[in-house]
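Keep the model open as you read.

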Amino acid sequence: MLGLADARAWGDSEDEFVRLLPKVSGPWLAMSGGGSDGAYGAGVLTGLTQTGNRPEFAVVTGASIGALLAPYAFLGPRFDEELHSLFATLTAGDIFEDRPTTASLMDSWPLKRTIEKRVTPQLLADIAAEHARGRRLLVVTTNLDAGRRVVWNMGAIAAQGDDKALALFRAVLLASASIPGIFPPVLIDVQSHGKALQELHNDGTVTAPFFIAPEQVLAGTGTVQLPTKELYVIANAKLSQQFEMTTPQTALVLGRSISLALQSGLRVELLLTLAAAQKQGISVSVAQIDAEFEHPSRGAFDPDYMKALYDFGVERAKQGKAFETVAPAPGH
């Protein structure tokens with residue numbers, strides 16, 4: 001990719017994962033998918049800033065809506081207004097057109113345009129500067145052709161600094177947020193053995209509800225230990241089952257099914273992460289949408305719902321209630 005050896009790695013390969021590790025120490029942040037529920041993660045980060053307790057993360061990873069949040073989370077508190085405006089001004093019309101394509105029920109050209117407006121050359125320059133400091137911004141997509149998770153080293157791409165890098169950066173974010181069946185997958189141009197190819201990528205949460213490391217690293221069966229003592233996970237979802245009447249329409253049934261699959265995947269990934277952290281002496285702080293949040297949603301990307309959820313995330317963080325922390329086992 002762009003002639004960069006470290007532009008990306010297979011997300012299930014320990015050997016390739018090593019190339020993505022940061023050059024600085026510090027806590028890591030992983031953000032999940034969740035569609036409009038990403039407003040919660042944005043609110044939590046802003047609330048942490050307001051308490052004065054927001055860490056500078058050595059690594060920030062994102063999948064789906066978490067990928068769209070990740071650049072701002074990576075760049076820190078000075079981009080909190082961007083986080084706020086993302087959910088204060090966003091509407092369904094900024095995400096999709098209710099018109100089928102050959103590969104999806106809806107067309108995501110509005111999301112592509114939204115990403116192009118927000119991901120500017122200056123944003124890439126800011127990310128490249130932090131990458132040069134040794135920090136890492138990672139975004140996950142699913143390579144449909146290979147059937148594997150791909151982790152993109154967004155800081156390395158940003159550091160390339162040209163129009164091709166800007167286009168690739170935007171394409172990766174769009175792909176990571178391309179909900180299967182709902183939005184069309186994204187074609188990404190690559191070179192392999194001197195030949196030009198196109199790969200098909202979509203939603204990162206298909207293969208990673210959130211991403212920290214390949215499974216063998218988490219399981220402790222590999223040779224790599226995570227170089228951090230603190231993990232933060234923002235689950236942009238409620239992790240307990242919620243009763244919800246589902247209208248028997250294709251898009252709504254598919255959307256509800258994907259939401260439930262994400263919820264189930266999040267629970268499993270969290271259990272694996274907590275077990276790994278206990279073995280490796282790492283504390284894990286998890287934020288999820290509390291069951292007490294019951295603001296109704298009038299449809300996909302309802303502005304009133306997202307504003308209420310953003311405000312809820314801010315308040316939970318300011319009250320010190322956003323994260324539940326599991327300390328490592330004694331002896332670490």
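**Salt bridges and a buried arginine**

Glu 16 forms a salt bridge with Arg 19, with the closest N and O atoms 3.4 Å apart. This is a predicted model. Glu 16 is partly exposed, at 24% relative accessible area. Arg 19 is also partly exposed, at 36%. The count of salt bridges comes to 18.

Another pair is Arg 298 and Asp 304, whose closest N and O atoms are 3.1 Å apart. Arg 298 counts as exposed, at 65% relative accessibility. Asp 304 counts as partly exposed, at 41%.

Now turn to Glu 215 and Arg 149. Their salt bridge brings the closest N and O atoms to 2.7 Å. Glu 215 lies in helix H9 and Arg 149 in strand S5, so the pair ties together parts that are 66 residues apart in sequence. Glu 215 is partly exposed, at 32%. Arg 149 counts as buried because its relative accessibility is 7%, under the 20% cut-off. The side chain of Arg 149 also reaches the backbone oxygen of Gly 11, at 2.7 Å. Beyond its sequence neighbours within four places, Arg 149 contacts residues including Trp 10, Val 140 and Phe 211.

Strand S5 is also among the elements that cover the buried residues of helix H6, as are strand S4 and helix H8. Those buried residues include Leu 123, Ile 127 and Glu 130. The twelve residues of H6 should span 16 Å, and the end C-alpha atoms are 16 Å apart, which agrees. Gly 134 follows H6 with a positive phi, near 105°. Glu 130 returns us to salt bridges: Glu 130 is linked in a network with Glu 56, Arg 133 and Arg 135.

Note on methods. Residues are numbered from 1 along each chain as its sequence is written. This is a predicted model: local features need pLDDT of at least 70, side-chain atom pairs count only at pLDDT 80 or more; totals for chains, interfaces and linings use all residues. Side-chain values use heavy atoms; hydrogens and water are left out. A polar contact is a pair of N or O atoms within 3.5 Å; within protein, one must be able to donate a hydrogen and the other to accept it, and residues adjacent in sequence count only if both atoms are side-chain atoms. Contact means heavy atoms within 4.5 Å. Helices (H or I, at least four residues) and strands (E, at least two) are DSSP runs, numbered from the N terminus. The expected span of a helix is 1.5 Å times one less than its number of residues. Buried means under 20% relative accessible area, exposed over 50%, partly exposed in between (1.4 Å probe, protein chains only). A salt bridge is a side-chain nitrogen of Lys or Arg within 4 Å of a carboxyl oxygen of Asp or Glu.
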